[in-house]
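Here are some notes to read with the structure open beside you. Take the points one at a time and find each residue as you go.

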Amino acid sequence: MLNLKDKVSIITPAWNSEKYIVETIKSVQKQTYTNWEMIIVDDCSTDKTVDIVKDIAKYDSRIKILMQPENYGAAKARTRGMEESTGRFIAYLDADDIWKEKKLEKQISFMKEKKCGFSCTSYEVIDDNGNNLNKKVHMLPEVDYVGFLTNNLLQTVGIMVDTVIVDKKYLVMPNLRRRQDAATWLQILKAGFMCYGIDEILAEYRRANNSLSSNKFKAVKGVWSLYRDVEHLSLPFSIYCFTRYAFLAVWKRLYFH
């Protein structure tokens with residue numbers, strides 16, 4: 001039995017997410033580990049996202065919605081959710097992604113057994129309509145700062161942090177429109193906390209056609225800026241990391257139907 005004091009706070013930024021948010025919330029409600037709170041931070045949606053979440057929250061007190069006064073972006077939304085969280089564990093789930101039903105149970109057991117503060121599960125990729133793209137991304141057993149810069153495998157949908165081990169100050173996301181999540185994982189790794197990988201597919205990452213990451217030119221620009229402007233890597237090492245990033249990015253987009 002897992003200790004019931006070990007609540008998980010699930011941080012979900014949302015913006016015009018009415019198409020996917022119900023499925024995302026249901027994947028949390030189906031978790032075999034039930035000691036959680038889901039904090040959905042709406043970033044000034046203009047669709048029915050807020051109404052949908054409020055209707056669901058009427059029947060499940062574990063679901064909370066916070067509303068941003070302005071459209072600040074995912075970084076500030078996630079940081080606000082983290083700051084208002086009450087759980088020991090912090091997990092991230094974007095408003096269009098999905099968890100397998102044993103994700104929380106298995107990841108918490110893994111982290112407590114290894115006494116680690118930072119972990120990421122393996123995941124598979126789905127399309128806009130939820131169709132499986134037959135692409136699975138498996139985590140390495142361990143990833144450190146340089147390892148993440150050179151392999152680019154960690155994905156927000158699989159991340160969990162134990163705040164008993166990792167101070168919440170490392171979870172304050174840099175205010176970037178792109179790659180703010182990667183910059184945050186680098187903050188944790190740079191502080192000396194290894195990320196331990198779980199080699200089991202426990203999440204589904206949606207590759208939406210209109211997502212920020214689907215715009216390849218802007219994505220490339222964001223990665224280069226992360227290396228040079230945020231991490232201040234040397235030019236030679238930036239080129240090396242970027243070459244590896246480009247190779248892996250192509251590999252991760254070669255979906256086999």
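Is R179 buried, partly exposed or exposed? Keep that question in mind; the answer comes in point 1. Please remember throughout that this is a predicted model.

1. Let us begin with R179. Its relative accessible area is 24%, so R179 is partly exposed. You will find R179 in the loop between β9 (159–162) and α6 (180–190). Have a look at the backbone there too: R179 is not a glycine, yet its phi is positive, at about 65 degrees.

2. Now compare K115, which sits in the loop between α4 and β6. K115 also has a positive phi without being a glycine, and here the value is near 55 degrees. With 69% relative accessibility, K115 counts as exposed, because the cut-off for that word is over 50%.

3. Next, turn to a pair of helices. Helix α1 covers residues 21–29 and helix α2 covers residues 49–57; their axes come within 10 Å and cross at roughly 30 degrees. That angle makes α1 roughly parallel to α2, because angles under 35 degrees count as roughly parallel. The crossing of α1 and α2 is right-handed.

4. Which residues make the contact between α1 and α2? From α1 come I21, V22, I25 and Q29, and they meet I52, V53 and I56 of α2.

5. V53 deserves a visit of its own. This residue belongs to helix α2, and its relative accessibility of 0% means that V53 counts as buried. Leaving out residues up to four places away in sequence, V53 touches I21, I25, I40, I63 and I65. Take I63 as an example: V53 and I63 are 10 residues apart along the chain, and their C-alpha atoms are separated by 8.2 Å.

6. Charged side chains come next. How many salt bridges does a search of the whole structure find? The search gives 14. One of them joins the side chains of D6 and K112, with 2.6 Å from N to O. This pair links distant parts of the chain, since D6 is in the segment before β1 (8–14) and K112 is in helix α4 (residues 103–114), 106 residues apart.

7. Another salt bridge connects the side chains of E124 and K136, at 3.7 Å from N to O. E124 lies in strand β6 (residues 118–126) and K136 in strand β7 (residues 132–137), so this pair ties together parts that are 12 residues apart in sequence. E124 counts as buried at 5% relative accessibility, while K136 counts as partly exposed at 41%.

8. Finally, find D60 and R62, whose side chains meet in a salt bridge of 3.0 Å, again N to O. Is D60 buried or exposed? D60 counts as buried, because its relative accessibility is 8% and the cut-off for that word is under 20%.

Key: Residues are numbered from 1 along each chain as its sequence is written. This is a predicted model: local features need pLDDT of at least 70, side-chain atom pairs count only at pLDDT 80 or more; totals for chains, interfaces and linings use all residues. Side-chain values use heavy atoms; hydrogens and water are left out. Axes are lines fitted to C-alpha atoms, for helices over the stretch in contact, and angles run from 0 to 180 degrees between N-to-C directions. Helices (H or I, at least four residues) and strands (E, at least two) are DSSP runs, numbered from the N terminus. Angles under 35 degrees count as roughly parallel, over 145 as roughly antiparallel, 65 to 115 as roughly perpendicular and the rest as oblique. A crossing is left-handed if the near helix is turned anticlockwise from the far one by less than a right angle, and right-handed if clockwise. Contact means heavy atoms within 4.5 Å. A salt bridge is a side-chain nitrogen of Lys or Arg within 4 Å of a carboxyl oxygen of Asp or Glu. Buried means under 20% relative accessible area, exposed over 50%, partly exposed in between (1.4 Å probe, protein chains only).
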